Amino acid sequence: MNYSVKKIGQILNATTQIDSKIVTGASFDSRKVKSGDLFVALVAENDGHDYVQQALTKGATAVLVDDRHQIDSKIPAIIVSDTLLALQQLGEYRRHQINPKVVAITGSNGKTTTKDMASAIMGSQYKTFKTPENFNNEIGVPLTLLTMPDDTEVLVVELGMDRPGQLTTLSELVSPDIAIITMIGEAHIEFFKTRENIAKAKLEITKGLKSQGTLLVPYDEPLLTNAQVKQNVQTFGQDIKDINSSSSKTIFTYQNTRFAIPLLGRYNIMNALAAISAGILLHIELKNAAEALQHFDLTKNRTEQLTTSHGVNLISDVYNSNPTAVAAVLATLKIIPATHKYVVLGDMLELGEQAASLHACLAETVINANVDGVYLVGPLMNKYLYPILQRRFDSAHLHQYETDQLAELIKDLQTLGENGDVILLKASHGIHLENVVNALVK
């Protein structure tokens, strides 16, 4: 981005002051402002207008503020009625100015991993930019658009959702050429009540999908394959052959091409096939896709494979969780060759009135995983799953912790297992098992 304050004012049809300054980036967090940034003063739990001076001190070139706040006339500024809406409008302008091919990804699970895979595949033949970290909401998506380099040919953007209408806004903002729905799980079922309602909300990604665009959905999800949308719909996930897993990678054959991904689990094969399918639509050669997927940058805490100081393998998947995701990762754990296997399960959040039954229903999945020890964290796991597992595990192999007892959990896990054993950690991000992971790999 390389816009003058005056130019931004013209784009937004806004009042400006000190028009000659040039903006080269954007930030809404005054602590992370870099020289040349436009500081966007958002009004949320904290009012960004209270941090204008701090942002300027950090190097902000100008500020985007609303007309309900008084701003010193000596400060380079763009003045609008709604700073969030203006941020989105500015991002949308840049999306169309750069005009890359856009691959937009949503889903109850796997969207970040699929984003990382798709970015690697597209990057094998195009100048590609992807959503940083998990910048996937109404703030993060326009910031992704504004930080996209001028020469971007393909943008891979992640779109999150926790309420009806949200994906409509984000999809219309990025106007994708290809849209991917990775899967429908129980994430946010507290608000949506049923998987059918979740699917309906996920399908909002087609609201901004170009009329000649393509929607990619898993072949085995009738809530998506039977959906009525205007655009072309293709499925992914079928016709996989020769699946083989080791402790560090999964190998499979698709369209006579051998793929090896540095991740475990059939669900990650599905994520890979979603990304590969998008690549095919953009004329990526399969050999290039296969090479790209051998080693790619994976966003932190998405099914990471790590090792403790005494050689125990950690599978860290602690960013989000729901019953479908837990079942998938436990199925993966079951087939990993290891002498001893242990699982740490934290509460699955945002399940609402179904929280009790959905935690209790994990019992059979945990038992079938054939693990040597179970460590439960949080009031929901302890109240609903622990009593059922007590019938199959004795006290030496079944443990429980409250969310404020992570230090005790870390202490117990630090001496658990031997070289080559496996510990799986899975929980919603609100349980903060990433702190446990970080302590174990120090």
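How many bridges join strand β8 (residues 101-106) to strand β10 (residues 154-158), and in which direction do the two strands run relative to each other? Five bridges join β8 to β10, and the two strands run parallel. The model is predicted, so local features need pLDDT of at least 70 and side-chain atom pairs count only at pLDDT 80 or more, while totals for chains, interfaces and linings use all residues. Residues are numbered from 1 along each chain as its sequence is written, and side-chain values use heavy atoms, with hydrogens and water left out.

- Helices (H or I, at least four residues) and strands (E, at least two) are DSSP runs, numbered from the N terminus.
- Two strands pair if DSSP finds at least two bridges between them.
- Strands of a sheet pair through backbone hydrogen bonds, either parallel or antiparallel.
- Six strands make up an open sheet with parallel pairing, in the order β9-β10-β8-β11-β12-β13.
- At the edges stand β9 (128-130) and β13 (232-236), each of which pairs on one side only.
- On average, neighbouring strands of this sheet are turned by 20° against each other, direction ignored; axes are lines fitted to C-alpha atoms, for helices over the stretch in contact, and angles run from 0 to 180 degrees between N-to-C directions.

- Helix α10 (residues 266-281) lies across β8, β11 (178-181), β12 (214-218) and β13, and runs at about 160° to β12.

**Helix α4**

- Twelve of the 13 residues of α4 are buried, so the helix is largely enclosed by the rest of the structure. Buried means under 20% relative accessible area, exposed over 50%, and partly exposed in between (1.4 Å probe, protein chains only).
- Among the buried residues of α4 are Lys-111, Asp-116 and Met-122.

**Strand β19**

- Six of the six residues of β19 (residues 341-346) are buried.
- Lys-341, Val-343 and Leu-345 point one way from β19, whereas Tyr-342, Val-344 and Gly-346 point the other way.
- Strand β19 runs parallel to β22 (residues 422-426), to which five bridges join it; here Val-343 has Leu-424 as its bridge partner.
- Five bridges also join β19 to β20 (residues 373-377), again in parallel, and Val-343 stands opposite Val-374 there.

**Salt bridges**

- Side chains of opposite charge can pair when their charged atoms come close.
- The whole structure holds 16 salt bridges, a salt bridge being a side-chain nitrogen of Lys or Arg within 4 Å of a carboxyl oxygen of Asp or Glu.
- Arg-95 and Asp-177 form one of them, with their closest N and O atoms 3.8 Å apart. Arg-95 lies in helix α3 (residues 83-98) and Asp-177 in the loop between α6 (166-174) and β11, so this pair ties together parts that are 82 residues apart in sequence.
- Arg-95 counts as buried because its relative accessibility is 0%, and Asp-177 is also buried, at 11%.
- A network of salt bridges links Arg-95, Lys-101, Asp-177 and Lys-210.
- Glu-138 and Arg-163 form a salt bridge whose closest N and O atoms are 2.1 Å apart. Glu-138 lies in the loop between β9 and α5 and Arg-163 in the loop between β10 and α6, so the pair ties together parts that are 25 residues apart in sequence.
- Glu-138 is buried at 13% relative accessibility, whereas Arg-163 is partly exposed at 38%.

**His-69**

- His-69 is found in the loop between β6 (62-66) and β7 (77-80), and counts as partly exposed because its relative accessibility is 26%.
- Leaving aside residues up to four places away in sequence, His-69 touches Val-43, Asp-47 and His-49.
- The side chain of His-69 makes a polar contact of 2.7 Å with that of Asp-47. A polar contact is a pair of N or O atoms within 3.5 Å; within protein, one must be able to donate a hydrogen and the other to accept it, and residues adjacent in sequence count only if both atoms are side-chain atoms.
- A polar contact of 2.7 Å also joins the side chains of His-69 and Asp-66.

Note on methods:
Contact means heavy atoms within 4.5 Å.
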